[in-house]
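User: I'd like to go through this model with you, starting with its pockets and then turning to charge pairs.

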Amino acid sequence: MDLTQLRSFAAVAAAGHVTRAAEKLHLSQPTVSGHIRALEDELGVALFDRGASGVTLTHTGSLLLKDAERVLAEAQHLRDHARALAGNLDAKLRIGTILDPDYLRLGELVTVMRDRYKLIDVELHLAVSGVGFEKVKSRELEAAFVLGESNDPALRVVRLEPQQYVVVLPKGWENRVTGWESLAALPWVLTPPKGRINQMAHDMLRSHKLAPSSVIEADQESTLRSLVAAGVGVSMLREEVVREALAAGDIATWPEGTARTVLSLIYLIEREQSPEIRVLLRAVEDVWHRRPAMQATA
């Protein structure tokens, strides 16, 4: 038994499919299948039931998965601790980002981290909130800025700042909105379905037993604002962006349409003591110290 076999076991269990797990591990499908077979032979148990559409954990596999994840976490902790003791953090820190990079103060964050650890390799990946949650869970990202929270016991959620979103319209469309039904009937410009803005808009309209008549998708806040200003459709933007757009005369608002959420930073609890996460958290505290106090929740 080795750690590569355990990683394959955990990845296949998460993906429910050998090929998809192999893609995430950057291995070939036969290699991952070989890892699973070798692990099953060594343990003397069947870990998965195979089917035409994928694989599912056996009862035994489900119980052993917890042990495998614990071993993998301890191995990661050992590597992290050794690097910290050596005083040389040469790890990769992949962070999911949303909204405006200036609002997130990404430049300041990266500068603070690189000043403390010259060799740290920081990668920033644009990912709407739902994708950020998924990629942190699958370990494709070490952390992610997201809108919203999570009750997932595996995740730590650090609340950074409450957010209010407002329905915005192209200039001159104000008379086209006489109520919720007329609002829903207009074309919408929203993030993809896993994005929090998309979910808030659908939740808001669903509370009135409505849904957007049509949706054009864009994954950046600046693009949403530009498309609304160009007369493509209605959307939802955070208050700070709305104030700027109103001052510029780019848009109009429909004050009855609002929603609240929170800007958060998420990461796996099992990585909380890793040098990478500790460096990130210290940098976030330093850069955001002029913002409202942060509150951490499991």
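User: Which helices each supply at least two residues of the lining of the second largest pocket?

Analyst: Helix 5 (101–104), helix 10 (221–229) and helix 11 (239–247) each do so, helices being DSSP runs of H or I with at least four residues and strands runs of E with at least two, numbered from the N terminus. Please keep in mind that this is a predicted model, in which local features need pLDDT of at least 70 and side-chain atom pairs count only at pLDDT 80 or more, while totals for chains, interfaces and linings use all residues. Residues are numbered from 1 along each chain as its sequence is written, and side-chain values use heavy atoms, with hydrogens and water left out.

User: How much space lies in that second largest pocket, and which residues line it?

Analyst: The second largest pocket holds about 180 Å³ of space, and among the residues that line it are Leu99, Pro101, Tyr103, Glu221, Arg225, Arg238 and Glu240. A pocket here is an open set of points on a 1 Å grid where a 1.4 Å probe fits, with protein on both sides within 12 Å along at least five of seven lines, and lining residues have an atom within 4 Å of a point; the volume is the space filled by probe spheres set on those points.

User: How does that lining divide by class?

Analyst: The lining of the second largest pocket has four nonpolar, two polar and six charged residues, where Asp, Glu, Lys and Arg count as charged, Ala, Val, Leu, Ile, Met, Phe, Trp, Tyr, Cys and Pro as nonpolar, and the others as polar. Glu221, Arg238 and Glu240, which are among the lining residues, are also linked in a network of salt bridges, each a Lys or Arg side-chain nitrogen within 4 Å of a carboxyl oxygen of Asp or Glu.

User: OK, and what about the largest pocket, how much space is in there?

Analyst: About 1,300 Å³ of space lies in the largest pocket, and of its 33 lining residues, the closest to its centre are Arg94, Lys137, Ser138, Arg139 and Glu140. Two or more lining residues come from each of helix 1 (3–15), helix 2 (18–25), helix 4 (59–86), strand 3 (92–97) and helix 7 (129–137), with helix 4 giving the most, seven residues. By class, this lining divides into 14 nonpolar, four polar and 15 charged residues.

User: How many salt bridges does the structure hold?

Analyst: The structure holds 16. One of them joins Asp67 and Arg70, with the closest N and O atoms 2.3 Å apart, and these residues, three apart in helix 4, are separated by about one helical turn. Another brings together the side chains of Arg159 and Glu149 at 2.9 Å, N to O, linking strand 6 (residues 155–170) to the loop between strand 5 and strand 6.
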